[in-house]
Amino acid sequence: MFTKAITRQPAKTMIDGITTYTAEGKPIYEKAIAEHNTYVSILKELGLAVTELPALDQYPDSCFVEDPAVVMEKCAIITNPARPSRNGEKNEILPTIKQFYADDQIFKIKAPGTLEGGDVMRVGNHFYVGLSDRTNAQGAAQFNEIVTKFSYTSSTVPVTEGLHLKDFAIYLEDGNMLVTAKMNQIEAFQQYNRFVIPPEEVYAINSLNINGVVIVPKGYPTTLKIITDLGYPVKLMDCSEFRKIDGSLTCLSLRF
Ligand code: CIR
C-alpha cells in the first residue's frame, strides 16, 4: 500500500529532454505542466501524500524522479543515472530522500555501476532489474547487494527494445503483467498472467497501479480494455508531452 509520493515540476528546459521519439516534435511546456498537475491531482485523489519538488532548469529530464532513486519500505537507493545530462539529478533528490529515510537506510550505486529506476520493476519482495542502455551489470550487482541486506531479492532481465524495462513490461499486481511480444518470452515472466500489448500501443504498457486503481495513458483502447476487463478501476490521463521525451507514467513519481 502506497501512502506517499515524490514528484518534481517539469523544467522549462524539458523541451530539450533526451528523446528517441521525434515524430511529434518538442513538448509544449505549458501543456506538460497541465498534464503534470493532473498527475499530481490523481495521486492525491488516490490518497497519497505528495511531496512536490520545484523545477530544476539545469536538468531537462528532472521531472522523471523515478530514475535517480529507488525507494522501498526498508531502504532507499540513490542511483547513478547513465547520461551525463541526468547524472546530477541524484544529488538533487538526496535531501528529499533524507526526509523519509535514516542515513543507514540510504545507499548509493557507484561508478562504474549505472542504474536508473525505470529499469527496476517490483513484484512482491522481488525486484527485476533491466540491463539496458542505462543500467549495467555492475549497477544491478550493487543493487542486489543492497536489497538482499534487507531480505528483498533481485534478478536481471535483458532490455533490448528501447529505454527502460518498465516501458516494455509492467507488473500490474495480482499476478498480472503487461508485456511486449519480446518480453512475453522472458523465462522469469512465465509464472505471471501475461497480456501482450500490440506494437502500436507499447507506450501504454507503462500504466501505473496505485493501491488497486490503474492510471492509464489516454488513447490506447486495446490496453485500456485489457486493464478494465481485469476488473481494475482506471484513471485516464493525457501524457502526450512527456511521451515526446520518452517519459511515461511511472517515471513521474517515486511511490512508497
Ligand atoms: C530520458 O531519456 O532519460 C528521459 N527523457 C525519459 C526518462 C523516462 N523515465 C522512465 O521511464 N523511468
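Let's start with the shell around the ligand. By class, that shell has seven charged residues, five nonpolar and two polar. Keep in mind that this is a predicted model.

Which residues come nearest to the ligand? There are 14 residues around the ligand, and the nearest are Ile18, Asp61, Asp67, Ile245 and Cys251.

Take Asp61. An N or O atom in the side chain of Asp61 is 2.8 Å from a nitrogen atom of the ligand. Now Asp67. Its side chain also has an N or O atom 2.8 Å from a ligand nitrogen.

How much of the ligand does the protein cover? On its own, the ligand has 350 Å² of accessible area, and the protein covers 100% of that. As for the space taken by the ligand, that is the largest cavity.

Next, the cysteines. How many disulfides are there? The count comes to zero. Look at Cys63. Its nearest cysteine sulfur belongs to Cys251, 8.4 Å away. The cut-off for a disulfide is 2.5 Å between sulfurs, so Cys63 is in none. Cys63 is buried, at a relative accessible area of 0%.

Cys239 is next. For Cys239, too, the nearest cysteine sulfur is that of Cys251, at 9.1 Å, and Cys239 is in no disulfide. Is Cys239 buried or exposed? Buried, because its relative accessibility is 4%, and the limit for buried is under 20%.

One last pointer for the viewer.

Note on methods:
Residues numbered from 1 in each chain as written. Predicted model: local features only at pLDDT ≥ 70, side-chain atom pairs only at ≥ 80, totals over all residues. Heavy atoms only, no water. Near = heavy atom within 4 Å. Polar contact = N/O pair within 3.5 Å; in protein donor to acceptor, adjacent residues only side chain to side chain. Areas by Shrake-Rupley, 256 points an atom, 1.4 Å probe, with all protein chains shown as cover. 1 Å grid on protein atoms, 1.4 Å probe; cavity = no way out; pocket = protein on both sides within 12 Å on 5 of 7 lines; lining within 4 Å. Sits in = over half its atoms within 2 Å of the grid points. Nonpolar A, V, L, I, M, F, W, Y, C, P; charged D, E, K, R; others polar. Buried < 20%, exposed > 50% of the residue type's maximum accessible area, 1.4 Å probe, protein only.
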